[in-house]
Amino acid sequence: MKNRWISAVVAVALLAPMVSGCGETDKAATGEEAATISVSVFDRGSVPASEGNYEENRWTRWINEQTGLTVNWVPVNRNEAQQKLNMLIATGEAPDLIVEYDQTYIANLVNQGVAQPLDDYIEQYSTSYKEYLEQNEDLKPFVTYNGKMYAFTNRRSEDSIANHGIWIRQDWLDNLGLSMPTTDEELLQVARAFTYDDPDKNGVDDTLGLALMQWQEITQAMYFASSLWYDEGGTLVYGPLTDRFADALALMKTLYDEKLIDQEFITDKQSTVQKQLWVNGKAGILTNSWTEDLNRELMQNDANAKPVQMEALTTKYGKNGLWQETAAQRYVVFNSKMENPEAGVRFLDWMIDEGWFTLMFGEEGVHHRMVDGVPQAIDAEKNKTELSYNVDYAVLNQWELKPEWIPVMASQDALSQELALQRQTSLETALKTPFRRDLPYNPPVAEFVRITSEFSPKRDSIRMNVITGGPEKTPEWGLAELREEWKRLGGEEVEKQVNEWYQANKASFAVE
Amino acid sequence: MRSLIYDRYLYLLMLPILFYFVIFKYLPMLGLVMAFKDFNLTMGIIDSPWVGLKHFERLFSSPDFYQILRNTLLLNVYSILFYFPVPIILSLLLNEVKNRVFKKTVQSILYIPYFISWVVLGGIIISLLSPSTGVVNAILKLFHIEPIYFMKSTFWWPVVYVLSSIWQSAGWGTIIYMAAITGIDAEQYEAALIDGANKWQQVWHITLPGIRSTIAIMLILRMGQMLDVGFEQVYMLQNDAVHSVSEVISTYEYRIGLAGAQYSYTTALGLFKSVIGLILITSTNKVVNLLGEDGLW
Amino acid sequence: MHIKQSMSERVFYVVNYLFLALCAVVTIFPFINILATSLSSGRAIMSGEVFLWPVEWNLSSYRTLWQDGQMFVALKNSVIITVVGTAINMVGTIMIAYPLSKKRLRGRSIITKFIVFTMLFNGGLIPNFILVKMLGLMNTYGALWFPAIVSVYNMTIMLNFFRGIPDSLEEAAQIDGANEIYILVKLILPLSMPVIATLTLFYAVGWWNNYFNVMIYITSSDKVSMTVKLMQMINTISDTMLNSGEGVQAQEKMVPEGIKAAAIVVSTVPILCVYPFLQKYFVKGVMIGSLKG
């Protein structure tokens, strides 16, 4: 009896603070005392022991000095960042400023009332960020929910907008006297030649057309059928349910049926075989990313190899770039429980204005020197210690890397310069064709979020069925199956809700 | 009352631990009410609105839930039938090894895969089973058997799943039975030897009865996990061709997790798992009791 | 005493040795493969040339891991977390398992049910986090240790072992006037070395591999364990990152397979060494007979 009593009392005592979420009481900016704000920072475990830790190191001290604020950094482990932030929010311990890359997560915070609207604060307190936003109107839709701005953001640098890439062996094309493919049809022809016409001239039939990594996203993008919502005549349609998705399936099916790709690519979960095919010069085309690390190993294995990135291919639907990220890079929201929004704005103003540059590249004359307006590292070893962890503190930045800067920023030895030049060309190629994206973010409709966790395994297994299922499993059959599954999972209702949301919010996405 | 005083030291010994269970296990269980609410991060557990059985309805009305549940149960049934006895047999075999050095070495090696992540083991399994370059199919070829694409086959995939579990953790599983075997009174073996019992009879009449209660306990505990399938293992072994047999509760939870914080829904799912686990543990314990073993209680 | 082995027994022994040796070969294979990978060049690994022996030998993967001073700190933290955690666990588990192993104890059945219930039902992440915060344990190892004093699974195993110890031993001691605590420490525990060794191993492995809780509860990077540290180093691209749009940047930091393999070696070898050390306790059980006489 007594025990039950005690536990009841303890239970109540412990539960009480859960009710309110018990906010911490920061000292407001009173008089002389420096205003305090807390900001989340990704802990990637890269602060060297000699530099301190994520809460306290040369850069946190520098920030406090420069801003006149006391900034408390709240480290969240990168690998479990959202979990950790959620826990902090649930206990009322969340930092005033929450930083994330993931827009879905930000949308979630807005939905849950964790983030607060910022229009008034920006209007009232901001100068630098306000100005930045005026110059970058196109960023607004990415942070606008129900007509209000809920996050600070900044423009993504070009090198992180580009994403995937398709690489081809120029030397193999030359060997066979072929020209660079420009359409999906020509891609197939080249793949056939690479498979059957001994492109490496070694007299053995040991080559394949393609090695496949990230092929799902790449083929979907080629046919404008990514897992995004497309505006088709004013109505939103989900990419994998469009007719175009069947064309993406058809391309893969042909590649598989004609044995132009590894017949076991389905089970090559970690792409081990695909990597080997490319690195060992057994495949002439590689679908993967624009920054292709594997090319180094390929060139080590075969000094004559000349991998180049292909430009976007034309299909019957036109020419679409491969997946590109949105222009907004990182999001910073204000916790609705924060005490001193003014200090928060002051901090971000300073950041976007001047703070970011030093936080990313260190101090001039110490860590970098300016060459043609571009920072170049002075001592790579020193920077490894002092600059390996600082970028996560630059929560907003104006860094916009131009492809032509890559060689300037790279080490000046011959090999690094050669690689840097390749990288420059590759980035230019990757960005040449725009990627169609009709919405700034996927509709924050709860039903859609729910259905994706059930629909995506179906999509994947139907796709696999079509590709490897022989003549009966046509792409049209696959598309019909997909639509059926979608319907069975309640997709019609989702479409309805998504389109209602679209009609209500469409206007706020338009850039004036 | 008399026994309470008589055993007062035993109760005193237990008390701090019981207190621990109340504070660290029962108290947080109050959070399970989330399953009946729409948990909102800012409102907290108590203020979030009640929604009754909404999340359970979503769970049970989800068209794929029954397939996922069936897969989970099937993989576990296979695992109990084919994996569960392996550590027992292995430890009986190990127990017959007289050479101490050999025994220790083999034991220490057998449990190594348990420490290696499924990312690595999965990669190795896939390459061993490849129809074109894998060792297994090369051996089949010697017997003029057509190459089999094990990983892509919905028939073979569960077989691979169980065999890979054995490979990864049977050695680890022997540790507990080895401990139980060492607990058996050596006098019994001496007596049996004098009676002229052969090896088989000794195993059957002494060793097995000696570890019977351990086997019973392990079985009961195992039954409580009938709805758990190690996520990493399935995730690393599965591929798009075998979703129909490999989608299980843990992979489903993973997908829900990717879609963002649906704490109430995952709590409801967890509660469902707990209830099933409780039913299975209780009934298995009952059966074990009827068979004359102590069981858990 | 030695009785001549029959023919069939001799055949059995030979087959048994061969079979177990085969099992050992099969189970050590992945480890050798990882070891070889960790000592090979990136090019050789990518080209699929590494199998059981390193190709283009080098130690650069290990050097990368140990480069900044943090790995030593993390190793030390891991040892502290594991040793103290395991000690707490063993004391806690014995304290509850021993009384519950006594059939005469009143309320035994209901208490056991009360405890087993917690193995199946738990409040989940958020309530646990709230509790840890309330108790002021954030960013201390207490946040790891205290919510996990007793594993019900392991307690059950120990309970079962204690039940196997004949009551006659205890009764004899009681006649001599010893109380329960004395009997437990002086009589029961020395007899229970096999199960103590087993559970020490189980708990220690659990602590060593503890990953999620360290990430959630320990915020200072100089307090994290080696597992977390290694995961941070090798997991630069996680699914969350790929989904979040950070992926492209992360991809450039793709970690070479050799370093991943070295990380696995570094994190498993210390814990692999525990078992051979504990093995000697797996033969002590024979004492029961001698004590009884």
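Because the model is predicted, local features need pLDDT of at least 70 and side-chain atom pairs count only at pLDDT 80 or more, while totals for chains, interfaces and linings use all residues. Residues are numbered from 1 along each chain as its sequence is written, and chains are lettered from A and ligands numbered from 1 in the order in which they are written.

Chain A is divided into domain 1, which covers 31–159 + 328–377, and domain 2, which covers 164–323 + 437–498; such bounds come from an automatic or database domain assignment. The C-alpha centres of these two domains of chain A are 37 Å apart. Between them, six residues of domain 1 of chain A are in contact with four residues of domain 2 of chain A, where contact means that the C-beta atoms of two residues, placed from the backbone, lie within 7 Å. On the side of domain 1 of chain A that touches domain 2 of chain A, helix 4 (103–111) and helix 7 (140–143) of chain A each supply at least two residues, and helix 4 of chain A gives the most, with four residues. Helices (H or I, at least four residues) and strands (E, at least two) are DSSP runs numbered from the N terminus. The residues of that side of domain 1 of chain A comprise three nonpolar, three polar and no charged; here Ala, Val, Leu, Ile, Met, Phe, Trp, Tyr, Cys and Pro count as nonpolar, Asp, Glu, Lys and Arg as charged, and the others, Gly among them, as polar.

Chain A also holds an open sheet of four strands in the order 8-11-7-12, with mixed pairing; two strands pair if DSSP finds at least two bridges between them. Strand 8 (208–212) and strand 12 (307–309) of chain A stand at the edges with a single partner strand each, so one side of each is left without a neighbour in the sheet. Neighbouring strands of this sheet are turned by 25 degrees against each other on average, direction ignored. Within the sheet, strand 7 (residues 164–169) and strand 11 (residues 283–289) of chain A pair in the antiparallel sense over five bridges, and the bridge partner of A:Gly165 in strand 11 of chain A is A:Asn288.

Helices lie across these strands. Helix 11 (residues 215–222) of chain A lies across strand 7, strand 8 and strand 11 of chain A and runs at about 95 degrees to strand 7 of chain A, whereas helix 13 (residues 272–279) of chain A lies across strand 8 and strand 11 of chain A, at about 130 degrees to strand 8 of chain A. For these angles, axes are lines fitted to C-alpha atoms, for helices over the stretch in contact, and angles run from 0 to 180 degrees between N-to-C directions.

The contact of chain B with chain A takes 34 residues from chain B and 36 residues from chain A. Helix 3 of chain B gives the most to the side of chain B that touches chain A, with four residues, and the residues of that side of chain B divide into 16 nonpolar, twelve polar and six charged.

Chain C contributes 74 residues to its contact with 71 residues of chain B. Helix 1 of chain C provides the largest share of the side of chain C that touches chain B, 14 residues, and this side of chain C divides into 44 nonpolar, 22 polar and eight charged residues.

Helices of chains B and C also pack against each other. The axes of helix 10 (residues 156–182) of chain B and helix 11 (residues 193–209) of chain C come within 9 Å and cross at roughly 165 degrees. That makes helix 10 of chain B roughly antiparallel to helix 11 of chain C, a label for angles over 145 degrees. The contact is made by B:Ile175, B:Ile176, B:Ala179 and B:Thr182 of helix 10 of chain B and by C:Pro194, C:Val195, C:Thr198 and C:Leu201 of helix 11 of chain C.

Chain C itself is assigned domain 1 (7–58) and domain 2 (66–292). Seven residues of domain 1 of chain C are in contact with seven residues of domain 2 of chain C, and helix 1 of chain C gives the most to the side of domain 1 that touches domain 2, with four residues.

Key. Angles under 35 degrees count as roughly parallel, over 145 as roughly antiparallel, 65 to 115 as roughly perpendicular and the rest as oblique.
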